[in-house]
Amino acid sequence: MHKYASPKFFYSLAGQLIPWTAAVTVVLLLAGLYLGLFVAPADYQQGESYRIMFVHVPAAWMSMFIYVLMAGAGAVALVWNIKLAEIFASSCAPIGASFTFLALATGSLWGKPMWGTWWAWDARLTSELILFFLYIGYMALQASIDDPRRAARAAAILALVGVVNIPVIHFSVEWWNTLHQPASVSKIGTPSIHPSMIAPLLLMAFAFTFYFVAVVLLRMRNEILERERHTTWVTDMLESKP
Amino acid sequence: MPKLLQAIARLFWRDLTVAMRRSTDVLTPLVFFVIVVSLFPLGLGPEPAVLRTIAPGVIWVAALLATMLSLNRLFANDHADGTLEQMALAPYPLALLALTKITAHWTLTGLPLVLISPLLAVQMHLPESAIGTLVLSLLLGTPILSLLGAVGAALTLGLRGGGVLVSLLVLPLYTPILIFGAGSVAGVIAGIDTEAHFSLLGAFLALALTFAPWAAAAALRVSLD
């Protein structure tokens, strides 16, 4: 187990995994987009514009999933002092923030034809916005501490406090929303979803997950190189390359 | 055990005494609170109906910002002169010492905000029936602001741009308290039963009281490394 957790071993393992995960991402993405854009029938209420869901919903799933992963990795790093977990947590943050931004942007684009406005204080959009702020805070804290190990530990504590708060924030916003807004506005989509729409949705979710894995491995490799740049294995490797 | 209690009592009084010696520090967030709330009628016009609708939100947001401004004082001075390191070395749980400092901080900033809020409520034309709710909601909510803020203050200790950074970290975490704090006052004005608001605020306080000192202590240990 320790062998896998050593940055040197992980660096070469990640290098081997990246092409595969990237290939799987492309295949799933193409299949998901084809099924979503061409095969799935138009919605009887929303017409063609509902198809943005195939990007919006998986992006929103990923944004929350990555935050939880990041906090989990932070906890592992704090408790067992594993360097690789620190590197993983800090590599997650920009990707998670990007997915959150994607979910917000597509939500806003979807809102224009559906609600007639670019932004509505819908419960899910609002909690997504607050999640985006949490990601920004995490990255800002990490960026302002120079020592990478101290930065990772401080950011891990913040992520853990955030992960306890996310459900609280989510339910508060939902509650607040039902008090302030008529229910018709937040009622988007139909209660039951047709199988022809479920398949592309799940394919897109898997595509995004594999994309996340590929990008996180790339980022981790960079981070490992930067942190270990004074070790012999990194200098040897860099010198052996022309 | 008495020794621990003695240490906590001493730390509490010490924090109050130190703050009283620099009383302008204590007054600044309070004055800020009053000024921010007073700016809204100037910006929106003195229409009582408008002021009444926005009053709960405005007073609560101003309370969040005023707390934010005062967070820097929580650990920074003790960090600068090395007192904090001595506290970390002391044979008492750091989480309890942090909780004591947070309590002192709340006594110096949260409590004055609560006490002056009826004045602002009158200024904003809140109906008399809502003033009690405002005070009670702030009384339950401001300790949570201090507790969560302490984690942010401990994390940003000694960092460049700490003041702005702390607001970035802590303000998103304050949203539930704002929703239920301002919501309870707005609820009373609208004639809605506000028991749920207060139950939830109480639950948040219990949750924050349990976990925040612990997280703040862990953050302090990281910052003191």
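**Close-up views of a predicted two-chain model**

**View 1. A:Ile82 sits in the loop between helix 3 (53–80) and helix 4 (83–115) of chain A.** Helices here are DSSP runs of H or I with at least four residues, strands are runs of E with at least two, and both are numbered from the N terminus. The model is predicted: local features need pLDDT of at least 70, side-chain atom pairs count only at pLDDT 80 or more, and totals for chains, interfaces and linings use all residues. Residues are numbered from 1 along each chain as its sequence is written, and chains are lettered from A and ligands numbered from 1 in the order in which they are written. A:Ile82 counts as partly exposed because it has 15 C-beta neighbours inside 10 Å; a residue is buried with 20 or more other C-beta atoms within 10 Å of its own, exposed with 12 or fewer, and partly exposed in between, with C-beta atoms placed from the backbone. Leaving aside neighbours within four places in sequence, A:Ile82 is in contact (C-beta atoms, placed from the backbone, within 7 Å) with A:Ala5, A:Val76 and A:Ala77.

**View 2. Helix 1 (residues 2–21) and helix 5 (residues 94–123) of chain B cross at roughly 35 degrees.** Their axes come within 9 Å; axes are lines fitted to C-alpha atoms over the stretch in contact, and angles run from 0 to 180 degrees between N-to-C directions. From helix 1 of chain B, residues including B:Ile8, B:Phe12 and B:Asp15 meet residues of helix 5 of chain B, among them B:Leu97, B:Lys101 and B:Ala104. By class, this contact between helix 1 and helix 5 of chain B has 9 nonpolar, 3 polar and 2 charged residues. Ala, Val, Leu, Ile, Met, Phe, Trp, Tyr, Cys and Pro count as nonpolar, Asp, Glu, Lys and Arg as charged, and the others, Gly among them, as polar.

**View 3. The contact takes 22 residues from chain A and 21 residues from chain B.** On the side of chain B that touches chain A, helix 6 (128–155), helix 7 (162–170), helix 8 (175–190) and helix 9 (195–224) each supply at least two residues. The residues on that side of chain B divide into 16 nonpolar, 3 polar and 2 charged. For the complex, the predictor gives an ipTM of 0.87 and a pTM of 0.88.

**View 4. B:Ile59 touches B:Val37, B:Ser117, B:Leu120, B:Ala121, B:Met124 and B:Leu134, not counting residues up to four places away in sequence.**

Technical notes:
Contact = placed C-beta atoms within 7 Å.
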